[in-house]
Amino acid sequence: MTGIQRVALVTAATSSLGRGMAEALLADGFLVVVSGRSEAKGLQAAAEMDAEGRASFVACDALDQQQTEAMVDTVLDRHGRIDVLINNAGGSSGFAPVHQLSDDAWMQAFQWNVSSAFWTVRRAVPAMLEQEFGRIVNISSVQGKQANRANASHYVTAKHALNGFTKAVALEYGRQGITCNAICVGAVETDLMQDAGRKAAAAAGISYEAYKQRYADAAMTGRLNSVDEVAAMARLLASDAGAGITGAILNVDGGTCSY
């Protein structure tokens, strides 16, 4: 790979965690394409991240299969390759106990967290196979290893499924130069956490500050994780040094999860 300009695609990366990972890869010399739903926000983020033009933007709603596949095609048309794919898009809405959870909320969680990753991986893998190199990183959650969050069965189940998908991809392509890993992220106060967390807190009948404190209290570190801490793991998995790591479900959670 010496002398080849590597290209990374980071989904949902115009702010917060996704942007942090994109900036880490830029620091390592990658050409980075970020996606998001807002074109104005995305173009501004790309310009702020790298004034030399090594960062660019593709508009994409991760819940839309056609847009998601077109995003990958755009990156391949623009740069001719994808070396690193970070599936950061994910989330859920409609938090409720199982007996009150709607079909729409259940299906959206799977489309947002699992199908979106499937669509990007399926579209990007042929190019990775041709170049005999690829790094796929799926952003999961500690809720993909456990279930200690009420009113979020759809999110918990979808993240468990994403971890299974990660291992399946690692098995199928590990001997062809492609690694696939998941990062189980603990609580990080991202834009999504502020939005979804306030709704989840309301559903649980507590304040948002109390909601965040529950996560801090559950961590061995006694605090939430930072964007930079998650980005450091993504950076390793995207690198040559991470070649021996595949099929791994790795925690960056301050010791929240028991395994």
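The lining of the second largest pocket in this predicted model divides into 9 nonpolar, 5 polar and 2 charged residues. The pocket itself has a volume of about 270 Å³. A further topic of this briefing is the packing of helix H3 against helix H4.

**The second largest pocket**

- In total, 16 residues line the second largest pocket.
- Those nearest the centre of this pocket are Asn-148, Arg-149, Tyr-211, Arg-214 and Tyr-215.
- Two helices, H6 (191-204) and H7 (208-218), each contribute at least two residues to the lining.
- Helix H7 provides the largest share of the lining, namely 4 residues.

**The packing of H3 and H4**

- Two packed helices are described by the angle between their axes and the distance between the axes.
- For helix H3 (residues 65-79) and helix H4 (residues 103-131), the angle is about 30 degrees and the axes lie 9 Å apart.
- Because angles under 35 degrees count as roughly parallel, H3 is roughly parallel to H4.
- The two helices, H3 and H4, form a right-handed crossing.

**The residues in contact**

- On the H3 side, the contact is made by Gln-65, Thr-68, Glu-69, Met-71, Val-72, Asp-73 and Leu-76.
- On the H4 side, these residues meet Ser-116, Trp-119, Thr-120, Arg-122, Arg-123, Ala-124 and Ala-127.
- By class, the residues of the contact between H3 and H4 comprise 6 nonpolar, 4 polar and 4 charged.

Technical notes: Residues numbered from 1 in each chain as written. Predicted model: local features only at pLDDT ≥ 70, side-chain atom pairs only at ≥ 80, totals over all residues. Heavy atoms only, no water. Axes fitted to C-alpha atoms, helices over the stretch in contact; angles between N-to-C directions. Parallel < 35°, antiparallel > 145°, perpendicular 65-115°, else oblique. Left-handed = near helix turned anticlockwise from the far one by under 90°. Contact = heavy atoms within 4.5 Å. Nonpolar A, V, L, I, M, F, W, Y, C, P; charged D, E, K, R; others polar. 1 Å grid on protein atoms, 1.4 Å probe; cavity = no way out; pocket = protein on both sides within 12 Å on 5 of 7 lines; lining within 4 Å. Points joined across faces, edges and corners; volume = space filled by probe spheres on them.
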